[in-house]
Amino acid sequence: MTTPPSKPSKPLLRETDASVRSRPRRRRDPAQPNLPLDPVPARVEPCLALLKQKPPKGLQWVFEVKWDGYRVAVHIEPSGIRILTRGGHDWTHRFPSIEAAVKSLPVMTAILDAEAVVLDEQGRSDFGRLQQSLGGRGGRAPAGEAIAMVFDLLYLDGHDLRGTELSVRRHLLEGLVPATGEGAIRLSEEVDADGETLLRIACQHDLEGIIAKDRNSVYRGGRLGDWLKIKCVQSDSFAIVGYERSTAARGQIGALLLAGRKGSDLVYVGSVGTGFKESEAWKLRGLMDKIIRKTPAITYAGRRKDLVWVKPTLIAEIEYRAWTHDGKLRHASYKGLRDAADNALVYDLSLSLSAI
């Protein structure tokens, strides 16, 4: 049998009608530190996507469209807005529309990871239009029509989110940037599709490609494989009309000068300086030196020096990602010479509205 306590328990309420109150709070000691908040990073080293030929498989991967523009980090700070390039240069003055739109976001401090782009009539990012709006390559004009496609949130109101997994960062980002598809700040939405299907659709719509991200990954600067890029690669045949000499390059070919066909004329479409293997480069150099001519077969107004012009009889297969606004190949890579017996046709510019 349990022995009752020697003294009765203290009643919860006193016998008076007075309400129960806690003890008076002590005044806060000014010397006592506040709860720690993470300092706003002055700059964040961006997480870069690793190039892969095929989309990954697995439930941990989520997919987005790959945007073709300038990578930027949008810093929202008490002192104002800063828009930094991937290399850390302050380009706030070059993106006034983005700066103005960011000020309306319901946040005190934040860092948004985004791509500054200019869209065409079909809603596709167009790097050529972006460059043109900035005053051309090396220009300094502000791009008033640029928008920011935001795909990550790295800092939010005193909290550094880089150590948090992507799925949580995306959840917070979607609460900050609504998926309305309007204005100069837009959410780069995750697409509910498997990677192969999304890549096929992206290429059919002439997009640059797709991005795959590990939903469980934290944010790490550099190209470490947490993010992957799978590109839509185009490949066509172009006439070689000359080359730039370089003692440091393979076969002493600094770059090949290329031309497409427009009616009965050849039109300069840019140059290619990558993709050469050592043995192929010297073989190609030997073939070109046999067909040297004094004058170019194209109208050329470029600034390259030490050029050698050749008869446009050699046809090269070139991989590239897109065309610039002035009709030049972007991110071209040499894949090899087409065999004469293959009867390969030089790319016809007049048949492609997207080429110029």
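Accessible areas here come from the Shrake-Rupley method with a 1.4 Å probe, and for residues only the protein chains shown count as cover. On that basis, the chain exposes about 21000 Å², with carbon and sulfur atoms supplying 51% of it.

Before we go on, a word on what you are looking at. This is a predicted model, in which local features need pLDDT of at least 70 and side-chain atom pairs count only at pLDDT 80 or more, while totals for chains, interfaces and linings use all residues. Residues are numbered from 1 along each chain as its sequence is written, and side-chain values use heavy atoms, leaving out hydrogens and water.

So, the overview. The chain has five helices and 19 strands; these are DSSP runs numbered from the N terminus, helices being H or I of at least four residues and strands E of at least two. Of its 356 residues, 44% count as buried, where buried means under 20% relative accessible area, exposed over 50%, and partly exposed in between, with a 1.4 Å probe and protein chains only. Now take contacts, meaning heavy atoms within 4.5 Å. Among those between residues at least 6 apart in sequence, 66% join residues at least 24 apart.

Let's go inside. A nonpolar core is a set of buried Ala, Val, Leu, Ile, Met, Phe, Trp, Tyr and Cys residues joined through side-chain atoms within 4.5 Å. The largest one has 37 residues, and those with the most contacts inside it include Ile76, Phe95, Val102 and Leu153. Among the elements giving it two or more residues are strand 3 (70-77), helix 1 (96-102), strand 6 (147-156) and helix 3 (166-176). Which strand gives the largest share of this core? That is strand 6, with six residues. Val102 touches Val74, Ile76, Ile81 and Ile185, leaving aside residues up to four places away in sequence. Apart from this core lies another, of 25 residues, with Ile240, Tyr243, Phe276 and Ile291 among them.

Tyr243 also takes us to the strand pairing. Two strands pair if DSSP finds at least two bridges between them. Strand 11 (residues 234-245) runs antiparallel to strand 15 (residues 307-310), joined by three bridges, and Tyr243 stands opposite Val308 there. Strand 15 also pairs with strand 14 (residues 292-293), again in the antiparallel sense, over two bridges; here Ile292 has Val310 as its bridge partner.

A salt bridge is a side-chain nitrogen of Lys or Arg within 4 Å of a carboxyl oxygen of Asp or Glu, and a search of the whole structure finds 25 of them. Take Glu64 and Lys213, whose closest N and O atoms are 2.9 Å apart. This pair links distant parts of the chain, strand 2 (residues 61-65) and strand 9 (residues 209-214), 149 residues apart. Are those two residues buried or exposed? Both Glu64 and Lys213 are buried.

Next, Arg170 and Glu190 meet in a salt bridge at 3.5 Å, N to O. Arg170 lies in helix 3 and Glu190 in the loop between strand 8 and helix 4 (195-204), so the pair ties together parts 20 residues apart in sequence. Arg170 counts as buried at 3% relative accessibility, whereas Glu190, at 33%, counts as partly exposed. And here is how these pairs come together: Glu64, Arg170, Glu174, Glu190 and Lys213 are linked in a network of salt bridges. Thanks, everyone!
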